[in-house]
Amino acid sequence: MDKKKVKIFYWIVLVLTALVYFAVLELAKNTLLGWGIAVALFVAYIILEIKVIKGRKWYVRLLAWFGFFALLGGAMLVSQPPYKTVPAVDVKNPEVTDVVTVKQGKLTGVFTEDKNVEVYTGIPYAKPPVGELRWKEPQQPDNWDGVKSCDRFAPMSMQKRDSEIMQSLTQIVGYHNLNISLKDNYREAVSEDSLYLNIWKPAGDVKDAPVLFFIHGGSLTSGQPAFSEYRGEDLAKKGIIVVNFGYRLNVFGYMADESLAEESPNGTTGNYGLLDQIAALKWVNENIAAFGGDASKITIAGESAGASSVGALCVSPLAKGLFRYAIAESSGITPKKPYHTFRTYEDALAQGKKTLDEYDVKKAAELRDVSAEELVQTTANNSAMTVDGYAITEQPYLTYEKGKNNEQALLNGYNSHEANVFGLFNKVEKEDYEEALKSIFGDNADEVEKAFPYDSVELDYDFAVEKGGEAKGTYNYILGGTWFAYSHKTWSDYMAQQNKPVYFYYFNKDNGSLRANHAGELPYAYGNLWRHADKYDDADNELSETMQNYWVNFVKTGDPNGESLPKWEQYTPKHQKIIQLDSEVKMIDDPYTQLYTFLDKAQNK
């Protein structure tokens, strides 16, 4: 290669290095300091190359490269994004609301940009569960003096977090979205001190407004209430108050140990996150009138593990009388053997024992001396609720069989591609599919395989990291029906047998973001498509408006139907059609009807 070509190649490598480096800075959310240093370094290196290095021996150039890259690495380190809490609204210097008085003191919130909604974030509903209060039932929050400014979300509950680069790549791969902005050059704060709630209300004087109390998902191990896809400002514009909150997760929220049960005045262990949810619900009952809400008109709602939590509140004696209706999206605990976020007490204790052994202690009290950052790294699986005899007194299906569940009406359903995102990195061939069927259906696996051959369902949703396999489409279909759809089928059946209103949906809308995968319905139902407007079209916005109206009508009356909306027929023992939420909204037969018969057999063994 002649010298001219070498020179061209050299400058191409330098340009590519700059592009990659600045892309990494953006993905990692490094501060402007890093960008400034990097620009200066590249300019300085180019000048150095032209004025000094040019014509020198190869090892001089190599040393210069090493030094240059070392300085770039240093720039990345010194400009790491700081930890910050998330602002309540995306408005610089938002207008402050009038003072609101709750039992613990006075507070203010902020207005959205259009001044139509007031937002109050970071309101404490319990004492911080730290120190001696780790693995204790939530305690009443402390009073405060003066006026508390509630204009930022509290830190998310303690959880494992991927690097900022990995989180950005997840946004690109999963949501097909990367927001290049100088406003988000920070890491969202994480803390064991996270028992705070957030309120969106229509601006101005409001009286007796119905309330939507939303529980975020995340497999009871992750997630946070500041997530943009289910913020409540658009629903608040339709005349309801929206509340969400943080609760203890993973080892802090769901570890069980007999020594902790002995400490408890109620003999409970393993459901601390659920007890937080009940404490937040009680706080809303006691204080929502100060915001114009009606405590007798509360609807609890949740998605994924949040929907499982809704199911737990529906059977918990501690939540009786605290709400009237329930909305559950993509999970539930009504099967005799729940598939998702629920386990036996024995399994809960076994995983708790594993945690103790991992940290070489005899009693859980000793783990209170371990930092939250270290403890969250446990390899034990503390991510499910259990029958503790206090918050949950029996297997949930038994409560439904007795008709002692708490909800008066139910809106629930699932998405068409629930399981796709959970097995992206697993390649599923015919033999893998057969083994999966055996684990779910036991002796009936062969019968299920005949009904659903390994290659009978096409893998029509794909991601860049999808491993695929000849049986992947059918595998995802079966898991989606088992883990998610079946719980809604059993839940709806129990409610219908009790002659209580139940409305069953099937979300199947394709789009430019998360599609109809798990959680894909959230921005539609809660009115947040506008946050990623380029990923959605007019048909998406029309469906979102319909879904928002269904949800709001249900919160107000226990019936989603209303003027100009497609008729959503009630699910009954004799009429088991469900509504398809797609470009065309219509009643259909449940796509999983055949699979349910096999799951019934597996459950009854």
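Visitor: Which backbone oxygen lies 2.9 Å from a polar atom of the side chain of Asn-244?

Guide: A polar contact is a pair of N or O atoms within 3.5 Å; within protein, one must be able to donate a hydrogen and the other to accept it, and residues adjacent in sequence count only if both atoms are side-chain atoms. Here the backbone oxygen belongs to Pro-225. This is a predicted model, in which local features need pLDDT of at least 70, side-chain atom pairs count only at pLDDT 80 or more, and totals for chains, interfaces and linings use all residues. Residues are numbered from 1 along each chain as its sequence is written, and side-chain values use heavy atoms, with hydrogens and water left out.

Visitor: Is Asn-244 buried or exposed?

Guide: Buried means under 20% relative accessible area, exposed over 50%, and partly exposed in between (1.4 Å probe, protein chains only). Asn-244 counts as buried because its relative accessibility is 2%.

Visitor: Which strand holds Asn-244?

Guide: Strands (E, at least two residues) are DSSP runs, numbered from the N terminus. Asn-244 belongs to strand β12, residues 241-245.

Visitor: How many bridges join β5 to strand β10?

Guide: Two strands pair if DSSP finds at least two bridges between them. Six bridges link β5 to β10 (residues 196-202), and these strands run antiparallel. Opposite Tyr-196 in β10 stands Pro-124.

Visitor: What joins strand β4 to β5?

Guide: Two bridges join β4 (residues 110-111) to β5, again in an antiparallel arrangement. Val-110 has Val-119 in β5 as its bridge partner.

Visitor: How many residues of β5 are buried?

Guide: Strand β5 (residues 117-124) is mostly covered, with eight of its eight residues buried.

Notes. Helices (H or I, at least four residues) and strands (E, at least two) are DSSP runs, numbered from the N terminus.
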